[in-house]
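Here are a few notes from my pass through this one. Have the structure open while you read.

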Amino acid sequence: MMNYNPVPADTMEYFPGRCTRVETDGDRILIETDNKVILYLEVFTDHVIRVRYLSEGYLTKDFSYAVLENGNRGYNDLQVEDLVDHVIVKTPKLTCKVNKVGLKIAFYNEAGVLLNEDEKGYHWVHNQEYGGNIVQMTKYTQKDEQFFGLGDKPCNLNMRGKRFEIWGTDNYGFNGDSDPLYKNIPFYLGRHKNACYGIFFDNSFRSFFDFASERKAVTSFWADGGEMNYYFIVGSDMLKISERFTRLTGKAEMPPLWALGYHQCKWSYYPESNVRAICQKMRALDIPCDAIYLDIDYMDGFRCFTWDNEKFPNPKKMISDLESDGFKTVVIIDPGIKVDPDYSVFKEAFEKDYFCKRADGPYMMGKVWPGECYFPDFTNPNVRTWWADLFKELIAETGVHGVWNDMNEPAIFEVESKTFPNDVRHDYDGNPCSHRKAHNVYGMQMTRATFEGVKKHAYPRRPFIITRSAYAGIQRYSSVWTGDNIANWDHLRIANIQCLRLSISGISFCGSDIGGFIDQPSPQLYVRWVQMATFHPFMRTHSSGDHGNQEPWSFGEEALKVVRSFIKLRYRLLPYLYSTFYQYVSKGRPILRPLSFYDDSDESTYHLEDEFFHGDHLLVCPIIDAQFGRYIYLPKGQWYNFWNNEVHEGGQEVHVEVGISKIPVFVRAGAVIPFYPEMNYVGEKPIDSLKLNVYYSHEQIKSELFEDRGDGYDYTRDYYNKKTFNVKGNDRTLKIWQHINGQFSPEYDTYTMTLINVPFEIKSLVIDSESATWNKIDETTYQFKTATTFTEIEVSAG
């Protein structure tokens, strides 16, 4: 980890002076000091206040790639008090108290509890090398405070005692101490005994975060340029703060349902005969799979938007044939464009002056897979439009279903920095700057252009994009994976932590290279990775061909049997996964949640980082070492063992023995979990009846089911169903209520409902005032069918 000191010992630090002016204009408050420092506060909502410090005495042009201009605003009440020593800005949920000397800020929640307080507060030093300022913020750290977030950092979930850098880097074969990595998400959550909050430092320059590492009672963040510009977010719990950050930076769109299936990838599958053979073997071995990936070897000399005609003589027919068997083809596209005057993409970009240039005029040239390359400036909107239209042939004409953006940190070979020099110039959407400012958003803007192109040319189908590099807000355009990991047990653990961290940092559609990209896993490691990834939003095996085969059948018959069973489980759980994804799209709620996000008041969960929730009701406990059992902590409530329906009381640690065929999975009592029938790809067979497992509970519990066509945009026009189930039982009755919001008609018209752990002998079943029949499965399990439109079900002991 880099040890970076932004302020040389002989460099003067500057601070805001004494307040001389306070002006209020609606939801904006300007405070100016006698040394011309401006503190500009913007109240976005009752829960979110933006904080901008400007050292030059004037408001600079305001622009962000992360926070959208429209939306994200609106509050119930705002009070501003200009007192003798302080300025108070107060909403019903958040109070911001500004000291008139030094402009230090303290934030309080609605109960008056101190959330966060400046120590030295805002200060800056002149950047002697590049001009402008190094902007810095220091805040007090509470005694029991913990810190979470920052995207894909591979360390423990709680970041206290560590320092991090935000500078997207191609970090091949990273480990648990590696920093920086591929993604740039300058957002963290803080929690201490009394409350919690979030801070998003929206500054795209190289930045740093120190969580009580250098000074044990101080947390700080700073950047090599730009403004001290951050958003302070308050909430009653960590989950709500994560939701608000996601909404602030833009909600995702619904993916096509097939994108939540299993994906198979390798560097590289070629020629065409090999691709077909892999897909045929998937079907022959009854392994569900929805997507096959083509890495850089499908191209002509690694030239983007081309095909190698010898390896793939008729890609359109191949893709069509694969689609008829349920496979969607995803291809890789990198940012480097080979310097070749006979290459149409290069020629057009060169003639339109779309490539990045150095400060004195030469083109930015670097070596990547094709050799010497130029690189489009994706921060230029004209370049993004041009790039988007390049996808017409791939998507609309050839039939490709998704695009995979790699190497977009941007990564460069054979240079120590691994990326562009600092003097490369960028348009930055009409705000010209150097690579120092554009580096961290370059990959995001490439992915944005890719998304816009695929969305345009795939219409009316939904786009599918995956990217390696990202800035805050990437969820609007793409899914992500965690990069070039290694086939070992530690990386299995790291992959889970990274996906949890990404999810609470606004990026829920995430996953890792199953089994590891580098080296080859043992059969046991591969099985455990598949079992964990079954419950991650993005599920893809990917590996480097240099290290051997990594298809599900590559590890022996016993491993194949288990892997097949878990991929089949993934497909059966698709309606639950899809409904959880809709929560993410509609509310910003993270799909994966650390155990501590379930109940902020349960301190027993604070240091648990491998167990996680997928959605509201599934508690997943991966096996992250070469063992066949583990201790797990069950939070408050009752929990059903997913495999045998045994009931466990929460608030305690239990030991669960599992063989290689399972991992511990628990279901929250009162949940309604939907299941599809087994299928080898999305849409393979009609669904006659949706299975609903109802887990008995004395406590009333709500579950949600989202239904639409699984593709297209009808859901944006309110043509969908959002169904809410409530379950509540006592010693003699069990009631189930359903509320339906929407007009969508699914292909099935019945539910097959299984009632689990009913504590009485059922003598009566009434569905919407009509008596019905049931089957008894065992002493406490019952099953019956009902119309999908029911309103109320009551079962009783008579």
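1. Let me begin with a helix pair. This is a predicted model, and in it helix 5 crosses helix 7 with a right-handed sense. Helix 5 covers residues 381-389 and helix 7 covers residues 435-458; their axes lie 8 Å apart, at an angle of about 45°. Oblique is therefore the word for how helix 5 sits against helix 7, given that angles under 35 degrees would count as roughly parallel and 65 to 115 as roughly perpendicular.

2. On to who touches whom in that pair. Helix 5 contributes R384, W387, A388 and D389. From helix 7 come Q445, M446, R448, A449, T450, E452, G453, K456 and H457. Sorted by class, the contact of helix 5 with helix 7 holds five charged, four polar and four nonpolar residues.

3. Now the other pair, helix 2 (residues 272-284) and helix 3 (residues 315-324). Their axes come within 11 Å and the crossing angle is roughly 0°, so helix 2 counts as roughly parallel to helix 3. On the helix 2 side the contact uses E272, V275, R276 and C279, and these meet K317, M318, D321 and L322 of helix 3.

4. Have a look at K568, in helix 10 (residues 557-572). Is K568 buried or exposed? Its relative accessible area is 10%, and the cut-off for buried is under 20%, so K568 counts as buried. What does the side chain of K568 make a polar contact with? The partner is the side chain of D286, at 3.0 Å. If you set aside neighbours within four places in sequence, K568 is in contact with P288, E678 and N680 as well as D286.

5. Last one: G588, in the loop that runs between helix 11 (574-587) and strand 34 (592-594). Relative accessibility for G588 is 0%, so this glycine is buried too. Not counting residues up to four places away in sequence, G588 touches S242, E243, T246, R247, K251 and Q583. For a sense of distance, take Y231: Y231 and G588 are 357 residues apart in sequence, and their C-alpha atoms are 17 Å apart in space.

Methods
Residues are numbered from 1 along each chain as its sequence is written. This is a predicted model: local features need pLDDT of at least 70, side-chain atom pairs count only at pLDDT 80 or more; totals for chains, interfaces and linings use all residues. Side-chain values use heavy atoms; hydrogens and water are left out. Helices (H or I, at least four residues) and strands (E, at least two) are DSSP runs, numbered from the N terminus. Buried means under 20% relative accessible area, exposed over 50%, partly exposed in between (1.4 Å probe, protein chains only). A polar contact is a pair of N or O atoms within 3.5 Å; within protein, one must be able to donate a hydrogen and the other to accept it, and residues adjacent in sequence count only if both atoms are side-chain atoms. Contact means heavy atoms within 4.5 Å. Axes are lines fitted to C-alpha atoms, for helices over the stretch in contact, and angles run from 0 to 180 degrees between N-to-C directions. Angles under 35 degrees count as roughly parallel, over 145 as roughly antiparallel, 65 to 115 as roughly perpendicular and the rest as oblique. A crossing is left-handed if the near helix is turned anticlockwise from the far one by less than a right angle, and right-handed if clockwise. Ala, Val, Leu, Ile, Met, Phe, Trp, Tyr, Cys and Pro count as nonpolar, Asp, Glu, Lys and Arg as charged, and the others, Gly among them, as polar.
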